[in-house]
Amino acid sequence: MDSPEPTGTPGTNEPTGTPGSTGSTDTLGVLARRLRALPASCGAVRIVAVDGHAGSGKTTFAGRLAAALGGAPVLHTDDLATHDELFGWAERLHRQVLDPLARGTAARYAPYDWVARRFAADRRRLDPAPVVLLEGVGSGRRAVRPRLAHLLWMELPDHLSWRRGELRDGPELSAFWDGWRHAERLHFAADPSRPHADTLVAQGTKGYALLPGPAVVDRNDPPAHTA
């Protein structure tokens, strides 16, 4: 569904790579160690969101980061959304996942079946872990940010992301993409994630670079002097 690999310094305004630099396993390891060192944000868990436009590479990036974290759990918002509630999953996320993790207990959620158009009968278990990755469009939304230790944003414009997604899914899903683009525009217009990102994940031809996000830049910019 997605693409290559990262570099960077979460929580600072100093990038550890440049767009197009090769994302090595060692770089992923450095990122993983820094994420593990962040304060817990949901009970004893650090929830790290991987947000961005549909087709921007979130799933592959989250999978590789999870491996660098030693097999960290990855929760996909696609398992919580539905055809009728593309972005109406925040309450479900809190009730089934975040609230139990905050109490130190295992989360259990029923993933949505996009073919059968219903939630599965069996629930998946998600145990508390040092880092849990939350991957999906809108995972850095207002209702979730208080539970986040870090917000990563895939730095690829919407039209390029959507084009990648459409090429990936094929013409049989073109009607779905028409509806999705409209829904995503409305969501980010009302509840943008990127301005709150701690790290921007920029993909180049040979891998990823992690750059300081708007939230970090704003924290580190000196206040303007007034006369």
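Two strands count as paired if DSSP finds at least two bridges between them, and a strand here is a DSSP run of E with at least two residues, numbered from the N terminus, while a helix is a run of H or I with at least four. What you have open is a predicted model, where local features need pLDDT of at least 70, side-chain atom pairs count only at pLDDT 80 or more, and totals for chains, interfaces and linings use all residues. Residues are numbered from 1 along each chain as its sequence is written, and side-chain values use heavy atoms, with hydrogens and water left out.

**Stop one: the sheet.** Select the strands in the order β2-β7-β1-β8-β9-β10: that's an open sheet of 6 strands with mixed pairing. Now look at β2 (74-76) and β10, which stand at the edges; each has a single partner strand, so one side of each is left without a neighbour in the sheet.

Click Leu-75 and you'll find its bridge partner in β7, Leu-134.

Pick β9 (residues 199-203) and β10 (residues 208-212), an antiparallel pair joined by 5 bridges. Thr-199 has Pro-212 in β10 as its bridge partner. Between the strands of this hairpin lie 4 residues, and Gly-207 takes a positive phi near 155°.

**Last stop: helix α2.** Select residues 58-68. After α2 comes Gly-70, with a positive phi near 80°.

Technical notes:
Buried < 20%, exposed > 50% of the residue type's maximum accessible area, 1.4 Å probe, protein only.
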